[in-house]
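These are my notebook entries on a single protein chain.

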Amino acid sequence: MTYVTEIREDLLQYVWRTRKFLAYPLLTEEGETIEIIQYGIQNSDAGPDFSHARIRINGVEWAGNVEMHVLSSLWYKHKHDKDPTYDNVILHVVYERDCHVYRRNGSQIPCLRLKDRIPDSVLKTYVDLLTNDQTIPCARMIGKVNTEKISLWQHGLLIERLKRKVQMLNRILIHQNMDWEQATFIWLARYMGSRVNVLPFEMLARSIHVHILYKNRDQPLIIDALLFGQAGLLESSFKDEYPNHLKNEYRFLQKKYDLQPIDPSMWKFARLRPIHFPTIRIAQLGGIIRTWPGLFGKLTGGYSPDWITGFSNSKMHDYWEDHYRFDQSSKSLHKGLGKQLIHLLQINVLSPLLFLYGQETGDSSFKDRAIEILDKLPPENNKIIREWKSLSLQVHNAAQSQALNHLKTEYCHHRKCTHCAIGHEVINLKL
């Protein structure tokens, strides 16, 4: 049974890591006996696949690294023969050997061929997961997996997702010289826009220090003038009194604080629902700044659901009750922060901020509070979550929906089933 065209290196790593291959007797391709003392530690960074391995070959014990390839010739295609990092490889594990492999000093590396050593059931399930037409590879088999094991995996996925967000947030914090309030403002601004306006919102927040806004929080028109002015949206001629007032205010404020607006052409309005227009989101951001100055200090001082739902009371100028854009009137409608947007900000802004703060201070209670926020929020309702629910998975809160979003985008989409706890269970179902 030959699968070499479908097999990827991750299968070899999987069967090595989980010992899912016929290990007795083990011989190199040259007929030398192999005794594995330590399989090594899988390396997630650049370099050989497993480090700190100990292997006895023909009675001689070796300590070093193990490298894996589907075909042995990939050693040369990947230029390992020229990389000193691979000089300490003591065993080359391959699915099929199509050439001999040598170190830089000319010595041949012992080769273990795994073809015919991997159980057929593992190979068949692996190839099915890799090649079927389902967007969730294990969709047909996940119902057989123990739900408790899925729940345990979800917790790990949630932590992984939080750490991924925290990496980006930490880069912002470092760039802002560890100014937590400014980093919070930038992070908040990113999530006030729809996906198409993330970049201009971030640039807007970076263009002005939040403490300038806090200093003027008692003067709503100044807050709006600063934000819309820095957004580059006060450059036009206007008919309405409100934008003209903002424009006049901004001319003075721009000189006072030596401000430079961003390019207004960056803002995207097309194919957005009017409630998501950047003009509305900027007005809402101004309302949050006016109503909740010192947001990071309040967050780390003590979180409660009642406190954060108070975002819905953030005040916008009355102009936006019947406008979505300057000089364009619309049907009168309250455009304050709705429950869905507040939940979005709790999930993507407040929880990662607390998690990062706990990470930086070494106080795990902040990490616990970050997860508590997600545990208490309702689950997201998007295409990915609806797909998981169609497979009868229970999704009770935002912690679970965040985990499943991460599972789909980071594992299922890339068919990384051998790195997934559910995939591991599925592969073992037929053993």
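Entry 1, overall dimensions. I compared the radius of gyration of this predicted model with the value for a compact globule: the protein has 28 Å, whereas a compact globule of 431 residues would have one near 22 Å. I then took the extent of the C-alpha trace along its principal axes, which is about 90 × 50 × 40 Å. The secondary structure I recorded consists of 17 helices and 8 strands.

The accessible surface amounts to about 20800 Å², and carbon and sulfur atoms hold 50% of that. Of the contacts with a separation of 6 or more, 60% join residues 24 or more positions apart.

At what angle do helix 4 and helix 16 pack? I found about 75° between helix 4 (residues 147-175) and helix 16 (residues 398-412), with the axes 8 Å apart. Since angles of 65 to 115 degrees count as roughly perpendicular, the two helices are therefore roughly perpendicular to each other. I listed the residues that meet: on the helix 4 side they include Trp-153, Leu-157, Arg-161 and Arg-164, and on the helix 16 side Ala-403, His-406, Leu-407 and Glu-410 are among them. By class, I recorded 8 nonpolar, 6 polar and 5 charged residues in this contact.

Which residues of helix 6 are buried? In helix 6 (residues 198-206) I found Pro-200, Phe-201, Glu-202, Leu-204 and Ala-205 to be buried. These buried residues pack against helix 4, helix 5 (180-192), helix 8 (220-230) and helix 10 (278-291).

Asp-116 has a positive phi of about 75° although it is not a glycine, and with a relative accessible area of 60% Asp-116 is exposed. Pro-119 is partly exposed, at 31% relative accessibility. I also checked Pro-119 against Gly-106: they are 13 residues apart along the chain, and their C-alpha atoms are separated by 35 Å.

In the loop between helix 4 and helix 5 I located Met-178, a non-glycine residue with a positive phi of about 60°. Met-178 has a relative accessible area of 40% and is partly exposed. Lastly, I recorded a cis peptide bond from Tyr-24 to Pro-25, with omega near -10°. Pro-25 lies in the loop between helix 1 (9-18) and strand 1 (34-38).

Methods:
Residues numbered from 1 in each chain as written. Predicted model: local features only at pLDDT ≥ 70, side-chain atom pairs only at ≥ 80, totals over all residues. Heavy atoms only, no water. Axes fitted to C-alpha atoms, helices over the stretch in contact; angles between N-to-C directions. Helix = DSSP H or I, 4+ residues; strand = E, 2+ residues; numbered from the N terminus. Parallel < 35°, antiparallel > 145°, perpendicular 65-115°, else oblique. Contact = heavy atoms within 4.5 Å. Nonpolar A, V, L, I, M, F, W, Y, C, P; charged D, E, K, R; others polar. Rg over C-alpha atoms; globule rule 2.2 N^0.38 Å. Areas by Shrake-Rupley, 256 points an atom, 1.4 Å probe, with all protein chains shown as cover. Buried < 20%, exposed > 50% of the residue type's maximum accessible area, 1.4 Å probe, protein only.
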